[in-house]
Amino acid sequence: MVLQTIWFFLWGLLWAVFFMTDGFDFGIGTLYPYLGKTDQDKRMMINALGPLWDGNEVWLITAGGVTFAAFPLVYSVMFSSLYSALMLILFALILRGVSFEFRGKVDDPRWRKIWDTCIFIGSFVPALLFGVAFANIFQGIPIDHNGIYHGTLFTLLNPYGLLGGILFVLLFMIHGALWICIRSEGDLQERAASTANKLWPVLLGVAVVFLIASKFSTRLYDNYIEHPAFFIVILITVLALLSVRFFLAKKTFFKAWFASALTIVGATFFGVIGLYPNLFPSSMNPRYSLTVHNASSSPLTLKIMLVVVIIFIPVVIGYQIWAYTLFKGKVTQADLAHDEAY
Amino acid sequence: MDVVLLSRLQFATATMFHFLFVPFTLGLSFLVAYMETKYVKTGDETYLRMTKFWGKLFLINFAVGVVTGITLEFQFGTNWSRYSAYVGDIFGPLLAIEATASFFLESVLIGVWIFGWKKLSKKAHATVMWLVAFASSLSALWILIANAWMQSPVGFTIRDGRAELVDFAAVLFQKYAVFKFLHTISAAYVLSAFFVMGVSAYHLLKKENIEFFTRSFRIALGFGTIFSLVVVIIGDINGVIVAEKQPAKLAAMESLWETTTRAPVYLFALPDEKNEKNKIEIGAMPGMLSFLVRHDINAEVRGLKDFPKDERPPVLITSFAFKGMIGLGCYFILATVFGWWKRKRLIDNPKYLKLMLLSIPLPYVACELGWIVAEVGRQPWIVYGLMKTSDAVSPIAVSQVLTTLIAFILVYGLLGVTGFYLIAKNALKGPELVTEN
C-alpha cells in the first residue's frame with residue numbers, strides 16, 4: 001500500500017517534470033510563427049532549445065514507461081481509450097523532432113517553410129492535447145468495468161477539457177518565451193519578454209477559471225477538504241505564478257523561468273493530489289475507476305523499479321542540469337554559423 | 001480486415017521502419033567516436049573532417065530513429081492493451097529501465113555533442129560520443145531483453161489473471177536474451193560498416209578525397225569484418241536456442257514437416273502449407289539440421305506436423321526470410337574478407353568498390369528479414385506458448401486503427417524519403433575541405 005502510494009506520486013512527478021522541461025520547447029514552437037519574424041529569429045529560437053529538447057522529451061518516454069511498469073492496467077486502459085488523442089500527439093512529436101534536424105539541411109525558403117509549419121503544429125498540438133487529456137482524466141473518462149472506452153476523440157473536447165488544453169498552451173507559451181529571454185538578446189529578447197508580459201494576465205485569468213471550474217467539473221477538491229494541509233500546494237502554485245510576473249518586471253529572466261517551471265509542476269500536482277487514489281477515474285461509475293489498489297504491478301516489480309528510479313533519476317537529473325548549465329548562455333552568431341547548428 | 005490484422009500491420013510498419021534507422025545509429029556512433037578519438041590523439045585534421053562528415057550523416061539518421069521509436073513504446077498501450085495488462089508486470093519495467101538507464105543518457109548527450117564543440121575540451125567532447133555509443137547499445141540491450149521474453153517467457157507466475165514477475169534475474173540473463181542481443185547488435189554494426197564502406201567506395205571510384213575515404217573504408221572494413229563473422233557465429237548459437245525454446249519456429253524456418261532423425265537442411269524449399277509438405281525441395285543435406293541444432297547428425301528434430309495447425313507460424317514467410325538472411329550473412333563475410341585481402345590497393349579495384357557501393361542496401365534487407373523470422377516465426381503467439389496475438393489486441397474500432405495505419409504509412413513514407421534523401425545528398429556531396437573546430 002505504501003509502495004503503491006509512493007509510485008502514485010512518482011508517476012505524477014515524472015509527468016510534471018516532463019511538462020516542466022519539454023513544456024518550454026512546446027511553448028517556443030507555439031510562439032515560433034509569431035516571434036520568429038526573420039530567418040535569423042527562427043534560427044535563434046530553435047537553437048535556443050536545440051541542445052536540450054531531445055533530453056527533455058525522454059521524460060515523456062520515462063513517464064510512459066513508468067506508467068507501464070508500475071500501473072500496467074492504467075497504461076493499457078489510458079492509452080487505448082485516449083487512442084486518437086495520443087496518436088495525434090505522437091505524430092505531432094515526430095514532425096517536431098525531424099523538423100529541427102531537417103530544416104537547415106536544404107537551402108531553400110520553401111523547404112524551410114514546410115518545416116516551420118511542422119515545428120508549429122508539432123509543438124502546439126501536443127501542448128493542447130496533453131492539457132485536454134489531463135483535464136479529462138481529472139474529471140473522469142467514460143470507461144466501463146472492462147476498461148472499455150465509451151466515447152470518441154470529440155468526447156474529450158468538452159468545455160472543461162478544452163479549458164485544460166488552453167491552460168497548458170498558455171503555461172507553455174510563457175515558459176517558452178522566458179527561455180527565449182534567457183538565451184537571446186536585443187530585439188528578439190524584448191519581443192519575447194513583452195509577449196510573456198501580455199500573456200501573463202490571460203494565463204492568470206484562465207488559471208482562476210480553471211480552479212473554479214474544477215470545483216464543479218471534478219472531485220479534485222475532496223482530498224483537499226479532507227486534508228486541508230494540501231491547500232499549500234495550490235498556494236505555492238499561485239505564488240509561483242505571481243512571481244513570474246514579478247521577476248519578469250525586474251527582467252531577471254532565469255528566476256522568472258524558474259518560477260514558471262514551479263507553476264507547471266504545481267499545476268500538475270494540484271490535479272495529481274486531487275486524483276489520489278485514482279489514476280484513471282471512470283465517469284460512468286466510480287467503481288470502474290483505476291486506482292493505486294486495483295491497477296498496480298506486483299510488489300516485487302514496484303520494489304525493483306523503485307531501486308532503479310532511486311539510483312538513476314538523480315543521475316539523470318545531474319547530467320541534465322550539467323547540460324542546461326552548458327547551454328544557458330546567449331545563442332551567438334558564432335553558434336548559428338556552426339556546421340551542426342539547426 | 002479486423003483489428004488484430006490491422007494492428008499487426010501497423011506495428012510491423014512502425015517497427016520495420018524504425019529499424020531502418022536504429023542499426024545505423026548503433027554502429028556509426030562507435031565509428032564516429034573512434035574517428036574523433038583518433039583526432040584527439042593524433043591531431044590529424046583528416047580525422048576531424050571524418051568525424052564531422054560521418055557525424056552529420058549520423059545525426060540525420062539519428063533524428064528519424066528517435067522520433068519513430070517513441071510511437072513504439074506507446075503502441076503497446078494503444079493497440080495491444082490486453083497484452084500490456086497481462087504481461088505489464090514483467091514487460092513494463094524493461095521498457096521503463098531502458099528509458100531511465102540508457103535512452104536518457106543518449107538523448108541528453110547527443111545534444112551536448114552537437115552543440116558542445118566549443119564548450120567542451122576536445123577530449124571531453126570525444127568522450128561524450130563514446131557515451132552516446134554505449135548508451136545506444138545499452139538501450140538495444142533492454143529492448144532485446146524485452147523481446148526475448150516474448151519469445152521465451154521465464155521468471156514469472158500466473159496470479160490474479162495475469163503474468164507476474166517472480167525472478168527478475170532469470171528474465172535479464174536468460175541465454176535467449178543474451179544471444180539475441182549479441183546477434184542483433186552485431187548485425188547493426190555490420191550495417192553501419194557496409195554503409196561507410198559503400199559511401200567511401202563511391203568517392204574512391206570518383207577518385208575524390210582519396211586519403212579521407214581510404215581511411216574511412218579501412219576503419220569500417222575492420223569493424224565490418226569482425227562483426228560479419230560474429231553475427232553468423234552467434235546466429236548459429238541462436239539456432240540451437242530457438243530449437244530448444246521455440247521448436248515450431250525452427251521447423252518453419254527450415255520448412256521441416258515431419259519429425260525425423262537425421263533432419264535435413266534444404267538449399268531451397270517451397271512449402272505448401274495446405275497440403276503440409278514442400279512442393280519443391282532442392283539440395284537436401286541430410287542430417288545437417290540435426291547437426292546444427294543438436295550437434296549430432298542422428299538427433300531428432302520436431303517437424304511442423306508435430307504442432308496443432310493453429311499453433312504453427314506462417315511457413316512460407318518465415319522460411320524464405322530465414323534463407324535470405326543466411327545467404328546475406330554469408331555474403332557479408334565473403335565481401336569483407338575479400339576487402340581485407342585487397343585493403344592496401346582499394347583504389348585499384350574498381351569492381352570491388354562498385355560491388356561495395358551496390359551492397360549498401362543489403363544489410364538493411366538482412367536486418368529486416370531477421371526481424372521477420374523472429375516475429376512472424378513466433379506467431380500465432382505474442383508471448384510464445386503463453387498468449388496468442390489475437391487475444392492481445394485493444395478493444396478499439398477498426399476505423400481507428402485503419403486511420404492510424406494509413407497515417408503511419410503516409411507520414412513514415414514521407415519521413416523515409418526525406419531522411420534517406422538528406423543522408424544520400426550529404427553522403428554524395430563529400431566532406432568539407434576545411435573544418436573549423
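# Chain B, starting at a hairpin

Let's start with one pair. B:Arg159 has B:Arg162, in S2(B), as its bridge partner. Strands here are DSSP runs of E of at least two residues, helices are runs of H or I of at least four, and both are numbered from the N terminus.

First, the ground rules. This is a predicted model: local features need pLDDT of at least 70, side-chain atom pairs count only at pLDDT 80 or more, and totals for chains, interfaces and linings use all residues. Residues are numbered from 1 along each chain as its sequence is written, and chains are lettered from A and ligands numbered from 1 in the order in which they are written.

Back to the hairpin. Strand S1 of chain B covers residues 156-159, and it pairs with S2(B) in the antiparallel sense over 4 bridges. Pairing means that DSSP finds at least two bridges between the strands. The hairpin has 2 residues between S1(B) and S2(B). In that turn, B:Asp160 has a positive phi of about 50°.

Now look along S2(B), residues 162-165. Buried means 20 or more other C-beta atoms within 10 Å of the residue's own; 12 or fewer is exposed, in between is partly exposed, and C-beta atoms are placed from the backbone.

Zoom out to the chain. Chain B has 14 helices and 8 strands. Its radius of gyration is 23 Å, close to the 22 Å that the globule rule gives for 437 residues, so chain B is as compact as a globular protein of that length. The radius is taken over C-alpha atoms, and the rule is 2.2 Å times the number of residues to the power 0.38. Along the principal axes, the C-alpha atoms fill a box of roughly 65 × 50 × 40 Å. Of the 437 residues, 55% are buried.

Next, contacts. Two residues are in contact if their C-beta atoms, placed from the backbone, lie within 7 Å. Take the contacts in chain B between residues at least 6 apart in sequence: 77% of them join residues at least 24 apart.

One helix to follow is H5(B), residues 122-151. How far apart should its ends be? At 1.5 Å a residue, its 30 residues should span 44 Å; the end C-alpha atoms are 44 Å apart, which agrees. The expected span is 1.5 Å times one less than the number of residues. H5(B) is mostly covered, with 23 of its 30 residues buried.

On to the core. The largest nonpolar core has 281 residues. Such a core is a set of buried Ala, Val, Leu, Ile, Met, Phe, Trp, Tyr and Cys residues joined through C-beta atoms within 7 Å. Residues touching the most other members include A:Val74, B:Trp54 and B:Ile145. H4(B) supplies the largest share of this core, 21 residues. B:Ile145 touches B:Leu94, B:Val171, B:Leu172 and B:Ala177, leaving out residues up to four places away in sequence.

Now B:Tyr202, in helix H7(B), residues 175-205. B:Tyr202 is partly exposed, with 19 other C-beta atoms within 10 Å. Beyond its neighbours within four places in sequence, B:Tyr202 contacts B:Leu357 and B:Leu428. B:Lys429 is 227 residues away along the chain, yet its C-alpha atom is 11 Å from that of B:Tyr202.

Last, the backbone exceptions. Most residues other than glycine have a negative phi, and most peptide bonds are trans. The bond from B:Gln379 to B:Pro380 is cis, with omega near 0°. B:Pro380 lies in the loop between H13 (361-376) and S7 (381-383) of chain B. In chain A, the bond from A:Tyr276 to A:Pro277 is cis, with omega near 0°.

Two positive phi values to finish. B:Lys207 has about 55°, and B:Ser255 is near 35°. Are they buried or exposed? B:Lys207 counts as exposed, with 10 C-beta neighbours inside 10 Å. B:Ser255 is buried, with 25 other C-beta atoms within 10 Å.
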